[in-house]
Amino acid sequence: MEKVLEKLKEIESGEVGIIIFSQVKQEIVLSLNTGLLVPLASAAKVAIAFCVAKLIDERHYKWTDIVEDITLNPKEDSKVIYPQFQNRENLELRDAVEVMVACHDSFVADRIVQFCGGWDLFNQKLKSYFTNINITQNPRDLDNKGELNELLELLQLIYQGYKINPELWISVINGLVRQRSDIDGIPSHFLNHMTGGLDNVVVDIGMLGEFSKNPLLFVLGAKELPSRFKEKLADEILIDAMKLIYDEYCNQEEDQENKSISISML
């Protein structure tokens, strides 16, 4: 993990933070600036999906409820990922949540929140779990924010929730799995995550590795970067860091296999 830290420290302008949790060791194996408060941009949709799952768990709603007056954001990629949903005015809540996460769709996000009680209710729900996560209707609003350590807790609750009760969390997980932001050198099905970005902000929340084989849970955030539309260095450094994290995952799996072989030979 030291190589990951060294790579991130190449970002000389702005603030960067990261937390990586190992399912094998059941502990945080890398942390830097864990209290960093970052604008969430589209990554806030994971928090919205979390709230919906909790409201369903409390029996306020059902995944089969119909969300009416759905409009898909034409600037996002639902035409590619969900061609079957184009020109649909109504979707089941389960499908709406999946599309929202998979496609970063702010139009669908707003409709889901309004259907389930409004933005104030969602923030109240979040505050009962995470003091410093706040979401807004406009994903570019700087009050749409969260601390890295609480974002990791959010991710852990989703991942562990799926292992215990997959029917409750499947739409959230499906959205994370279906995202199309691939990184060269990392198998696309090994990167199940939610990204967010602004001109000077990058956020990435997700699971790296084979989903059924102890993936690493990670949150990564950087803010006050040079304009990402003019300067690509920070983005390139963060991509290289993700590749190094993937190397750590591969080493972890190799170690686990070697241990299994050693035990079987006893």
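1. How many bridges join strand 1 to strand 2 (residues 27–32)? There are five, and the two strands run antiparallel. Strands here are DSSP runs (E, at least two residues) and helices are DSSP runs (H or I, at least four), numbered from the N terminus; two strands pair if DSSP finds at least two bridges between them.

2. This is a predicted model, in which local features need pLDDT of at least 70 and side-chain atom pairs count only at pLDDT 80 or more, while totals for chains, interfaces and linings use all residues. Residues are numbered from 1 along each chain as its sequence is written, and side-chain values use heavy atoms, with hydrogens and water left out.

3. Strand 1 (residues 15–22) also pairs with strand 9 (residues 216–223), in the antiparallel sense over seven bridges. Isoleucine 18 has leucine 220 as its bridge partner in strand 9 and leucine 32 as its bridge partner in strand 2. Strand 1 is mostly covered, with seven of its eight residues buried (under 20% relative accessible area, 1.4 Å probe, protein chains only).

4. The hairpin of strand 1 and strand 2 has four residues between the strands. In this turn, glutamine 26 has a positive phi of about 55°.

5. Helix 4 is mostly covered as well: nine of its eleven residues are buried, among them Leu93, Glu98 and Cys103. Histidine 104 follows helix 4 and has a positive phi, near 55°.

6. The largest pocket holds about 780 Å³ of space. A pocket is an open set of points on a 1 Å grid over the protein atoms alone, where a 1.4 Å probe fits, with protein on both sides within 12 Å along at least five of seven lines; lining residues have an atom within 4 Å of a point. Points are joined across faces, edges and corners, and the volume is the space filled by probe spheres set on them. Of the 33 lining residues, His104, Thr195, Gly196, Gly197 and Arg228 are closest to the centre of the largest pocket. Strand 7 gives the largest share of this lining, five residues.

7. The second largest pocket has a volume of about 200 Å³. Twelve residues line the second largest pocket, and Ser22, Val24, Lys25, Gln252 and Asp255 lie nearest its centre. Helix 9 supplies the largest share of that lining, six residues.

8. Helix 8 (residues 166–178) bends by about 35° at valine 172, the bend being the angle between axes fitted to the seven residues ending there and the seven starting there. Valine 172 is one of the buried residues of helix 8, which include Trp169 and Leu176.

Note on methods. Buried < 20%, exposed > 50% of the residue type's maximum accessible area, 1.4 Å probe, protein only.
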